[in-house]
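Have a look at the sequence and the 3D view, then read on.

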Amino acid sequence: MLSRTADHLFWMARYTERAENTARMLDVHVQTALLPQSVDDAEQGWRAVLGISELLYGYNQKYDALTQKDVIDFMVRDPGNPSSIASCLKQARENARAVRGALTTEAWEIQNATWIKMQGYLQTDALEQNPSEFFEWVKHRSHLSRGVTIGTMLKDEAFHFIRLGTFLERADNTARIIDVKFHGAKETAGKQSQQQSQQLSQSLLSKDNKGQDSQIDFYYWAAILRSVSGFEIYRKVYRDVITPERVAELLILRADMPRSLAACMDQVLSNLKHVHNDVSADTERFAGKLHADLKFSRIEEVLDAGLHDYLTVFLERIFELGNRISKDFLVPLAA
């Protein structure tokens, strides 16, 4: 397959998945914003969403103050933000249009129709009136795209590059969704010592929280599970109250949980093997090491190392893996 065609298919899938996961992350914080909390805590939560998405600088360049309405607007419809939902769906559609011959008619029509409907959606006040309903629509369109891809496309290289893009992006975004709370803890720690900062993050996983803080944490972690379609799965696997340790285990190490880091890396490694070429051995080895770390780790080891630090390293390695895939298979990165 031509590298440029592979590049378009890979990024079509990544942008579609990124739009969905941005919707998932925003929906978590729309829900948790309804919980009792101070104005400062609410602002810090939205600041963490921007920070973990690496959008805080861009937001501050455009807005003088931080409000829920402005953060949602910036991350949903702002054309100047390349990671906004609108921008991602536009880029997904443009990448699909560039390689229509490699897609089935159904796969192309889903991308095209999603972009057209998105434009109509954003011309109304639906986002302001019911943001959660809008985020559900974004997720539904992403589900349709994946389902049509699986149901109508030949399982050739084009298919595997689409799946590779999907699961690489999903791994990155699942890690970010888990890490938002801990990113907020690091921001709150500010200029404290590294030890104090680690203690603040660890306190978010403490089993000794009581009263209102414990109740708020329960609803927060329940919202996290719902954001990755994991609430019912959690109940089926653990059959017990929600604890942050088990949420972390489910979303990081359980390979049978569809959106977990382990499940994503299973799929990344599998699809890499299907598109193997003469120069990709080192990239496959790099992906294999990352997969093995997840496969053979225990949640106690992850928590002892510090969940935020673990996820930070994971995100760095996913970024490196994406660069290696681009170098080995896709259009070379600009110098």
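**How the helices pack**

In this predicted model, helix α1 (residues 3-32) packs against helix α4 (residues 68-76) at an angle of about 170 degrees, and their axes are 11 Å apart. Angles over 145 degrees count as roughly antiparallel, so α1 is roughly antiparallel to α4. Which residues meet here? From α1 come Thr-22, Leu-26 and Val-30, and from α4 come Gln-68, Ile-72, Met-75 and Val-76. This contact of α1 with α4 is made of 5 nonpolar residues, 2 polar ones and no charged ones. An α-helix has 3.6 residues a turn, so residues three or four places apart point the same way.

Now find helix α2, which covers residues 39-52. Its 14 residues reach 20 Å from the first C-alpha to the last, close to the 20 Å expected at 1.5 Å a residue. The buried residues of α2 are Gly-45, Trp-46, Ala-48, Val-49, Leu-50, Gly-51 and Ile-52. Just after α2, look for Glu-54, where phi is positive, at about 60 degrees.

Our last stop is Ser-87, which lies in helix α5 (residues 85-98). Is Ser-87 buried or exposed? Its relative accessibility is 11%, so Ser-87 counts as buried. Leaving out residues up to four places away in sequence, Ser-87 touches Asp-78, Pro-79, Asn-81 and Pro-82. The side chains of Ser-87 and Ser-84 are joined by a polar contact of 2.9 Å.

Methods: Residues numbered from 1 in each chain as written. Predicted model: local features only at pLDDT ≥ 70, side-chain atom pairs only at ≥ 80, totals over all residues. Heavy atoms only, no water. Axes fitted to C-alpha atoms, helices over the stretch in contact; angles between N-to-C directions. Helix = DSSP H or I, 4+ residues; strand = E, 2+ residues; numbered from the N terminus. Parallel < 35°, antiparallel > 145°, perpendicular 65-115°, else oblique. Contact = heavy atoms within 4.5 Å. Nonpolar A, V, L, I, M, F, W, Y, C, P; charged D, E, K, R; others polar. Expected span 1.5 Å × (residues − 1). Buried < 20%, exposed > 50% of the residue type's maximum accessible area, 1.4 Å probe, protein only. Polar contact = N/O pair within 3.5 Å; in protein donor to acceptor, adjacent residues only side chain to side chain.
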